[in-house]
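Work through the exercises below with the model open. Try each task before reading its solution.

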Amino acid sequence: MYDVPVLSPRSPEEAAEAFGDGSDVTVLAGGTILLPEITYGRARPKRVLMLARSGLGRVERSNGTVTIGAAVSVGELMEGDEPLATAARYVGDPEVRAQATLGGNICAPPGEAPRGDLQAPLLVLGARVRSAGNGGERTEPLEDFLAGGAKGRLVLDVSYDDIVRETGYAAFWRPHTHHYTILAVAAARANGELRVAATGAGPTAVRLASVEQSGDPEDAVKDVEPQDDPLASAWYRKRILPRLVARALEGLG
Ligand SMILES: Cc1cc2nc3c(=O)[nH]c(=O)nc-3n(C[C@H](O)[C@H](O)[C@H](O)COP(=O)(O)OP(=O)(O)OC[C@H]3O[C@@H](n4cnc5c(N)ncnc54)[C@H](O)[C@@H]3O)c2cc1C
């Protein structure tokens, strides 16, 4: 056992102030990843910033934009927009979904297997991430946020345009709810623009730009570099990715 100061901000502004430039602060949202790390001594935070009462647990729909607070639970997203809702239903089990948050999902560090199942749906929704940290607040496309890594940033919310889209989602079947997703593909089409992304083909979700241009599922392997992990080999993932892309595209319209 060791003592650690716990900060419990009561508003997004307080949360950003308490986070500061992020040095020596560990964000605790739902804790489904972080708490086991602390329990087994793999993480030893110097200060913990709890988001449970930070006012970041709201979903708002206004002025043509959907804004989802970082502390909104995965379970709450199951009734929201597709393909995010379907992806949320695939995450873990009811207990995990009740605790796990959107912010924790997009900041999830790589584990034994990829574990950011909400990232691909958010990529195809064209999501933007608002975060605080060194240099102040900024809003950037999720792709840029994922490329830069969550270190030193506190995610405040994620937003996307509130427009009508055709959507599709296909995930590899899992033998048990506690198994992570091996591979999943999300697709969305709006205003003539097709967006396709995969979770499980790298440490974070990736856009499948070649498929977006050609519409050919076989092109998916041009955009990914899957790794071997305890769930599946890179070879296997490359074999099934085009099948999942085809199924996700079939779901459009
Ligand atoms: C049994 C089990 C099954 C699971 N199944 C799945 C699954 O099927 N699919 C899947 O995607 N995940 C799965 N997970 C992983 C996890 O539950 C999810 O990724 C979840 O969304 C993480 O959110 P959290 O709020 O619990 O994160 P936490 O554990 O609180 O945090 C995770 C990481 O993100 C950081 N963080 C959290 N919030 C923020 C923020 N707002 N700003 C900056 N950093 C932040 C934390 O510091 C930590 O490093 C599973 C976990 C378990 C235990």
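This is a predicted model: local features need pLDDT of at least 70, side-chain atom pairs count only at pLDDT 80 or more; totals for chains, interfaces and linings use all residues.

**Exercise 1.** Decide whether Asp229 is buried or exposed, and find its salt-bridge partner.

*Solution.* Step 1: take the relative accessible area of Asp229, which is 18%. Step 2: apply the cut-offs: buried is under 20% relative accessible area, exposed is over 50%, and partly exposed lies in between (1.4 Å probe, protein chains only). Asp229 therefore counts as buried. Step 3: look for a salt bridge, meaning a side-chain nitrogen of Lys or Arg within 4 Å of a carboxyl oxygen of Asp or Glu. The partner is Arg237, at 2.9 Å from N to O.

Residues are numbered from 1 along each chain as its sequence is written, and side-chain values use heavy atoms, with hydrogens and water left out.

**Exercise 2.** Which parts of the chain does the salt bridge between Arg128 and Asp161 tie together?

*Solution.* Step 1: confirm the pair. The closest N and O atoms of Arg128 and Asp161 are 3.2 Å apart. Arg128 lies in strand 6 (residues 128-133) and Asp161 in strand 8 (residues 153-161), so the bridge ties together parts that are 33 residues apart in sequence. Strands here are DSSP runs (E, at least two residues) and helices are runs of H or I (at least four), numbered from the N terminus. Step 3: read the accessibility. Arg128 is partly exposed at 25%. Asp161 is partly exposed at 35%.

**Exercise 3.** Which strands hold Asp157 and Arg130?

*Solution.* Step 1: confirm the salt bridge. The closest N and O atoms of Asp157 and Arg130 are 2.8 Å apart. Step 2: assign the strands. Asp157 is in strand 8 and Arg130 in strand 6, so this pair ties together parts 27 residues apart in sequence. Step 3: compare the cover. Asp157 is buried at 10% relative accessibility, whereas Arg130 is partly exposed at 23%.

**Exercise 4.** How many salt bridges does the whole structure contain, and which residues are linked in a network?

*Solution.* Side chains of opposite charge can pair when their charged atoms come close. Step 2: search the whole structure, which gives 17 salt bridges. Step 3: trace the network. Salt bridges link Glu143, Glu193, Arg195, Arg207 and Glu212.

**Exercise 5.** Describe the surroundings of Ala188.

*Solution.* Step 1: locate Ala188 in strand 10 (residues 184-190). Step 2: read its relative accessible area, 2%, so Ala188 is buried. Step 3: list contacts (heavy atoms within 4.5 Å). Beyond neighbours within four places in sequence, they include Val124, Arg165, Glu193, Arg195 and Leu252. Step 4: take Leu252.

**Exercise 6.** Which protein atoms make polar contacts (N or O pairs within 3.5 Å) with the ligand?

*Solution.* Step 1: start with Thr101. A polar side-chain atom there lies 2.6 Å from a ligand oxygen. Step 2: turn to the backbone. A polar backbone atom of Arg115 is 2.6 Å from a ligand oxygen, and one of Asp117 is 2.9 Å from a ligand oxygen.

How values were computed
A polar contact is a pair of N or O atoms within 3.5 Å; within protein, one must be able to donate a hydrogen and the other to accept it, and residues adjacent in sequence count only if both atoms are side-chain atoms.
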